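Please open the model in a viewer and keep the sequence panel at hand.

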Amino acid sequence: MLNLVDQLIERVLDTGWATTPPPAKPSFFFTVPDTDWRDKVKAGVDQRLDIYLYEVRENREFHRAHWDDIELADRTSVLSQPPAYFDCHYLISAWSPAEDSEALNPVLDEHQLLSEALRVLMRNPDVTPAVLGIAGGGPVFQQAHVYLTVTPPEAPRVLNDFWSTMKLPWRPAIQLVVTAPLDLLKDSPAEPLLITFIQRYVLATLNAQNVLVAATSTADEFIQIGGWVLRNADDSPIAGATVERIATGERVLTDAQGRYTFAGLRRGIHRLRASAATMTPIERDLDLPAGPPEDHIFKLS
């Protein structure tokens with residue numbers, strides 16, 4: 001994920017940089033800005049932005065305890081552990097190969113580079129990797145909102161001695177925090193995408209201590225079920241098919257995906273009849289809630 005975040009930052013800066021100089025678009029690097037790096041800059045001819053990742057922290061504000069229910073193309077679903085979001089802390093510094101002299105001040109060029117980088121980053125606070133053409137990372141990263149925050153209000157303590165650790169004079173730099181997801185790749189086995197939802201209600205009352213207690217040991221129970229009506233030939237959905245509860249005459253129509261649902265059912269055997277124009281109806285007994293999920297699927301010919 002971190003290498004993809006690097007690519008994302010570079011793509012944002014590269015595509016958003018003004019086409020008309022000054023300043024001309026610099027080269028982008030992701031390396032330690034130490035004395036060896038400074039020597040390499042001095043030996044070259046191009047101006048550079050160094051985008052150094054110095055810290056990664058989990059962003060707990062994005063943490064979710066519940067898992068995601070994801071529908072798959074084959075009419076199954078999986079429970080997927082939600083991604084973990086991380087704050088990637090970068091230090092962006094500008095570097096000119098020119099030597100400081102009375103006739104030339106490379107610091108001004110470096111400040112121009114930082115100003116343009118600020119403009120581009122501030123115009124892109126929320127980006128999607130797929131839109132930028134960043135490949136990899138899976139659907140979670142591809143479709144995610146990745147947040148770019150410039151100059152957070154409080155600088156991490158690690159920066160206090162950063163430049164002295166690099167054995168370089170202090171220089172201005174942009175602090176950038178990129179908040180991006182990491183897919184934990186932990187999913188449950190695929191299960192049929194069907195509904196069997198059981199609700200139980202117990203009559204309650206307040207006791208002498210004003211504590212809510214059950215007034216009866218017997219729970220009132222209601223069951224909601226769902227399923228599909230499909231074409232037997234190719235398993236394609238039949239929209240507008242009729243599903244009827246034989247005992248009550250209650251009827252529902254399937255939606256565009258061929259799905260139907262009944263609510264308020266009691267435990268036991270229920271006979272359903274599925275029908276559609278020009279097709280042979282099917283009747284079947286459903287044992288609720290113990291019956292197999294396949295009984296909820298009607299395939300008409």
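Begin by selecting Leu184, which sits in the loop between β8 and β9 (191-192); helices (H or I, at least four residues) and strands (E, at least two) are DSSP runs, numbered from the N terminus. This is a predicted model, in which local features need pLDDT of at least 70 and side-chain atom pairs count only at pLDDT 80 or more, while totals for chains, interfaces and linings use all residues. Residues are numbered from 1 along each chain as its sequence is written, and side-chain values use heavy atoms, with hydrogens and water left out.

Leu184 is partly exposed, with a relative accessible area of 35%; buried means under 20% relative accessible area, exposed over 50%, and partly exposed in between (1.4 Å probe, protein chains only). Show its surroundings: not counting residues up to four places away in sequence, Leu184 touches Gln81, Pro82 and Ala84, where contact means heavy atoms within 4.5 Å. Then draw a distance from Leu184 to Pro26, 158 residues away along the chain; their C-alpha atoms are separated by 36 Å.

Next, display the whole chain. Its secondary structure comes to 6 helices and 19 strands. The radius of gyration is 31 Å, well over the 19 Å that the globule rule gives for 301 residues, so the chain is more spread out than a compact globule; the radius is taken over C-alpha atoms, and the rule is 2.2 Å times the number of residues to the power 0.38. Along its principal axes the C-alpha trace spans about 95 × 65 × 30 Å. Buried residues make up 35% of the 301 residues.

Now select Leu13, Leu49, Leu121, Leu148, Leu176 and Val178. These have the most contacts inside the largest nonpolar core, which has 29 residues; such a core is a set of buried Ala, Val, Leu, Ile, Met, Phe, Trp, Tyr and Cys residues joined through side-chain atoms within 4.5 Å. At least two core residues come from each of α1 (2-16), β2 (48-58), β5 (84-95), α3 (106-122), β7 (146-150) and β8 (174-182). The largest share, 6 residues, is supplied by α1. Centre on Leu148: beyond four places in sequence, its contacts include Leu8, Val12, Leu121 and Pro125. A second, separate core of 17 residues can be found through Val229, Leu272, Ala274 and Leu288, which are among its members.

From Leu288, step to Pro289: the peptide bond joining them is cis, with omega near 0°. Pro289 lies in the loop between β18 (282-288) and β19 (297-300).

Which strand holds Glu244? Glu244 belongs to β14 (residues 242-245), and this residue is buried, with a relative accessible area of 14%. Among its contacts outside four places in sequence are Arg251, Phe262, Arg271 and Arg273.

Lys167, in the loop between α6 (162-165) and β8, has phi near 60°, a positive value in a residue other than glycine. Lys167 is exposed, with a relative accessible area of 68%. Thr278, in the loop between β17 (268-275) and β18, likewise is not a glycine, yet has a positive phi of about 70°. At 82% relative accessibility, Thr278 counts as exposed.
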